[in-house]
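Here is a colleague's note to read beside the structure. Please keep the view open and find each part as you go.

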Amino acid sequence: MNRRHVVSCITAAAAAIFVVSVSAQTKPAAPKAAATATAPAQTVKIAYIDPQSGPFAGVGANLLKHFQFSADLVNAQQLAGPGIKFEMVVFDNKASPQETLTALKHVIDQGIRYVVQGQGSGAALALIDAIDKHNERNPSQSILFLNYAAVDPDLTNSKCSFWHFRFDANTDMKMEALTAYIKDRPEVKNVFLINQNYSHGHQVSRVAKELLARKRPDVKVVGDDLHPLGQVRDFAPYIAKMRAASADTVITGNWGPDLALLVRAARDAGLNANFYTYYGGVIGTPTAVGPAGENRMRMVAYWHPNITPDYPGEKLYQDFKKRFGEEFYAVATYSALTLLADTIKRTKSTDPLRVAYAMEGAKWAGLNGDIEMRASDHQLLQPLWIVSWTKVGGPNKNDIEKTGFTWKTEVSYPTYVASQPTSCTMKRPALP
Amino acid sequence: MLETYISQALYGVSYGLLLFMLAAGLTLIFSMMGVLNFAHASFYMLGAYIAYQISTWIGFWLALVLAPLVLFLVGALVERWGLRRVHKWGHVPELLFTFGLSYIIVELVQVIWGRQAVPYRVPPALDGPVDWLLRYDITFPEYRMFMMAVAIAMLLALWLVLTRTRIGLVIQAALTHPQQVEALGHNVPRVFMLVFGAGSALAGLAGVVGGNAFVTQPDMANTVGAIIFVIIIVGGLGSLAGAFCAALLIGLLENFGKAEDWSAASLLTNLGLHIGPETPGYAVLKLTVSQVTPVLPYLLLVLILIVRPKGLLGTRED
């Protein structure tokens with residue numbers, strides 16, 4: 001009796017843990033390979049490896065919607081050619097590089113040949129490395145990595161790979177634009193850098209210091225903090241530090257809850273400083289900022305909804321909002337899937353090797369103007385905007401997250417200004 | 001400079017008191033029933049979500065009262081129909097039970113409220129800085145003040161119940177001599193049920209005030225789960241006063257630590273030594289205190305376990 005109860009209790013606990021771990025992987029593993037280049041491919045599966053649980057689950061869920069939306073567009077308009085459909089397959093990497101590699105194993109086992117990832121350069125660096133090795137050993141099973149948001153410059157410089165394409169602007173480009181804007185802002189005197197303690201945060205801090213020293217040597221960097229990724233509940237101590245250092249400007253590459261909680265703590269403490277952000281538009285942050293960010297929060301962006309009279313995208317933005325009740329901001333997801341679809345159509349092949357060669361140097365009209373996938377390092381060249389958080393009105397008519405506020409263009413930098421040289425020496429595999 | 005220290009101390013104390021609200025329930029349940037409740041942090045999360053739900057219907061102030069009551073019921077039911085049945089078979093099944101329960105609660109919360117953070121807000125009446133502190137050039141949110149008041153009121157109430165009421169005396173007696181108390185005609189299982197319910201209610205209360213001060217999301221149990229175990233072990237398992245001291249200590253440690261920018265490298269440089277990237281171990285030496293701070297509570301835990309295994313104010317020798 002006694003033993004039976006203990007056994008049943010342990011079984012129940014084990015069962016509960018099993019259920020949880022199974023449900024953590026959003027889709028059960030399909031046992032056999034589906035779409036490959038050799039079979040007449042009708043469905044191109046695209047693995048989405050990004051957080052579906054943990055502190056960044058909200059961002060992960062929102063960006064998945066971006067991809068589903070874009071994939072549906074590709075399917076409805078047959079952008080990849082008649083009969084070829086895109087299907088997103090979701091893998092949860094919990095924002096961790098280790099979990100990303102586990103997810104990649106599942107991707108390989110399921111015979112999926114295309115991977116999209118973006119939330120976290122740490123995960124992207126792990127992915128680029130593992131995919132390189134995999135492709136070298138299994139050329140017939142090669143995998144192509146479309147990176148839509150990991151902005152560590154190394155990914156298209158020292159660590160660049162033939163199998164990786166980046167659709168976001170990298171940190172070198174974004175900081176170049178931000179500092180070009182700061183150059184003409186005399187009110188910027190004391191700058192405080194706060195970033196997440198991983199590759200992306202380190203790069204933002206490094207590039208900001210370098211470029212500020214070059215363009216505004218009079219500006220003092222009064223603080224340079226790194227905090228654990230996604231772990232900080234209370235940013236109040238950092239805000240107190242900013243106040244003590246009399247910072248008038250905060251530059252941060254934080255994203256998701258790390259930015260939302262940071263600006264919320266700044267608002268609670270009444271910190272009198274301007275925020276220059278990379279990701280002020282990511283889901284949840286606009287709500288957290290609210291009216292307190294008026295004319296205080298700025299962002300460097302490759303697109304925003306209030307440029308839509310001059311650029312296509314208005315309808316997509318409205319459709320997305322209608323369908324999901326959330327903001328459409330990560331246009332890189334759309335750029336990535338439309339380029340992939342168009343290339344598949346052009347080459348009449350779903351083989352990643354042929355597709356990758358054909359994507360190199362592609363030029364097309366995107367939602368943010370004429371854009372180019374640079375062949376030498378697989379970095380998308382696109383224009384950048386510096387935008388500020390302002391009341392809805394006039395041409396700035398798209399209310400963001402029902403806050404009554406929206407983005408206003410301060411400056412726009414055309415593609416050639418926003419581009420940066422690369423140190424990449426690309427190793428290309430031979431075409432069969 | 002003094003203003004900075006005072007405001008940091010205030011933030012530290014308010015955070016520490018929130019941690020204490022959480023740890024109090026955990027240590028109470030442990031001292032009473034010998035159960036390390038792994039689901040405790042999940043009750044904290046559940047408290048925040050239920051408070052959010054109630055506040056969207058009838059407002060924050062009723063949520064403040066009702067959510068802990070709901071959690072009391074949940075806790076009591078869990079004890080009566082779950083834990084009590086497992087209790088007979090020893091501590092390992094109990095541990096496994098609460099462990100499994102914590103996962104089930106997280107999954108349930110995600111099913112009901114989704115994986116994203118919910119917009120649980122500070123009530124408008126408390127949204128702003130404390131006026132009289134502004135005069136001393138200290139900006140401190142009113143809501144944090146309120147959090148401290150709730151925690152202190154809870155501490156007082158708990159202390160009064162435990163030392164001044166009949167049920168408190170029975171609880172204290174049942175702590176050490178459960179058989180004797182039962183022989184005197186008291187219903188010890190029911191006392192257990194009440195204590196477990198009360199402990200869960202305290203976690204729920206912490207969730208109600210912590211959920212909108214920080215962020216209400218399925219991950220919030222994880223972020224405090226480890227730290228409250230550190231607090232009750234550092235304070236001494238089963239010691240309420242110990243948990244209080246440890247919670248304040250860790251709250252202050254985290255807040256002051258994050259503000260310090262010196263590192264071993266900068267100290268040695270000040271001593272006249274030349275430290276640069278070529279020095280062996282530079283990667284470790286250059287870590288600043290603010291970067292190391294997140295690890296400090298766990299370092300403290302390890303040190304306490306080595307130097308004083310029963311904790312700061314613990315009495316148990318086992």
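1. Which element of chain B has the lowest mean pLDDT, and which has the highest? Keep in mind that this is a predicted model. Helix α13 of chain B, residues 282-285, is lowest with a mean of 82. Helix α2 of chain B, residues 40-58, is highest with 95. For chain B as a whole, the mean pLDDT is 88. In that chain, 99% of the residues reach 70 or more. For the complex, the predictor gives an ipTM of 0.76 and a pTM of 0.82.

2. Next, the make-up of chain B. The chain has 15 helices and 0 strands. Along the principal axes, its C-alpha atoms fill a box of roughly 75 × 50 × 40 Å. Does its radius of gyration agree or disagree with that of a compact globule? It agrees, because a compact globule of 318 residues would have a radius of gyration near 20 Å, and chain B has 21 Å. Buried residues make up 46% of the 318. Now take contacts between residues at least 6 apart in the sequence of chain B: 78% of them join residues at least 24 apart.

3. Now see where the two chains touch. On one side are 33 residues of chain B, in contact with 38 residues of chain A. Four helices of chain B each supply at least two residues to its side: α1 (2-33), α4 (91-113), α11 (240-259) and α14 (289-292). Of these, α4(B) gives the most, with 8 residues. Sorted by class, the side of chain B that touches chain A holds 19 nonpolar, 10 polar and 4 charged residues.

4. Turn to helix α8 of chain A, residues 257-268. Its 12 residues reach 16 Å from first C-alpha to last, close to the 16 Å expected at 1.5 Å a residue. Is this helix mostly covered or mostly open? Mostly covered: 11 of the 12 residues in α8(A) are buried. Among them are Pro257(A), Leu261(A), Arg264(A) and Asp268(A). The cover comes from several elements of chain A, including β6 (190-196), α7 (236-244), β8 (249-252) and β10 (297-301). After α8(A) comes Gly270(A), with a positive phi near 65°.

5. One bridge partner to find on screen is Val221(A) in β7(A), which pairs with Val191(A).

6. Chain A also holds an open sheet of 3 strands, in the order β11-β12-β13, with antiparallel pairing. Which strands form the edges? They are β11 (363-366) and β13 (380-381) of chain A, and each pairs on one side only. Strand β12 of chain A, residues 369-373, pairs with β13(A) over 2 bridges in the antiparallel sense. Across that pair, Glu372(A) has Leu381(A) as its bridge partner.

7. Two residues of chain A need a check of the backbone. Most residues other than glycine have a negative phi. Gln78(A) is not a glycine, yet its phi is positive, about 50°. It sits in the loop between α2 (57-76) and β2 (85-92) of chain A. Gln78(A) counts as partly exposed because 13 other C-beta atoms lie within 10 Å. Ala95(A) also has a positive phi, near 60°. Its place is the loop between β2 and α3 (97-109) of chain A. Is Ala95(A) buried or exposed? Buried, because 25 other C-beta atoms lie within 10 Å.

8. Last, find Phe320(A). This residue is in helix α10 of chain A, residues 314-324. Which residues does it touch, leaving aside neighbours within four places in sequence? Phe320(A) is in contact with Phe69(A) and Phe328(A). From Lys94(A), Phe320(A) is 226 residues away in sequence and 25 Å away in space, C-alpha to C-alpha.

Note on methods
Residues are numbered from 1 along each chain as its sequence is written. Chains are lettered from A and ligands numbered from 1 in the order in which they are written. This is a predicted model: local features need pLDDT of at least 70, side-chain atom pairs count only at pLDDT 80 or more; totals for chains, interfaces and linings use all residues. pLDDT is the predictor's confidence in each residue, from 0 to 100. Two residues are in contact if their C-beta atoms, placed from the backbone, lie within 7 Å. Ala, Val, Leu, Ile, Met, Phe, Trp, Tyr, Cys and Pro count as nonpolar, Asp, Glu, Lys and Arg as charged, and the others, Gly among them, as polar. Two strands pair if DSSP finds at least two bridges between them. The expected span of a helix is 1.5 Å times one less than its number of residues. A residue is buried if 20 or more other C-beta atoms lie within 10 Å of its own, exposed if 12 or fewer, and partly exposed in between; C-beta atoms are placed from the backbone. The radius of gyration is taken over C-alpha atoms; the globule rule is 2.2 Å times the number of residues to the power 0.38.
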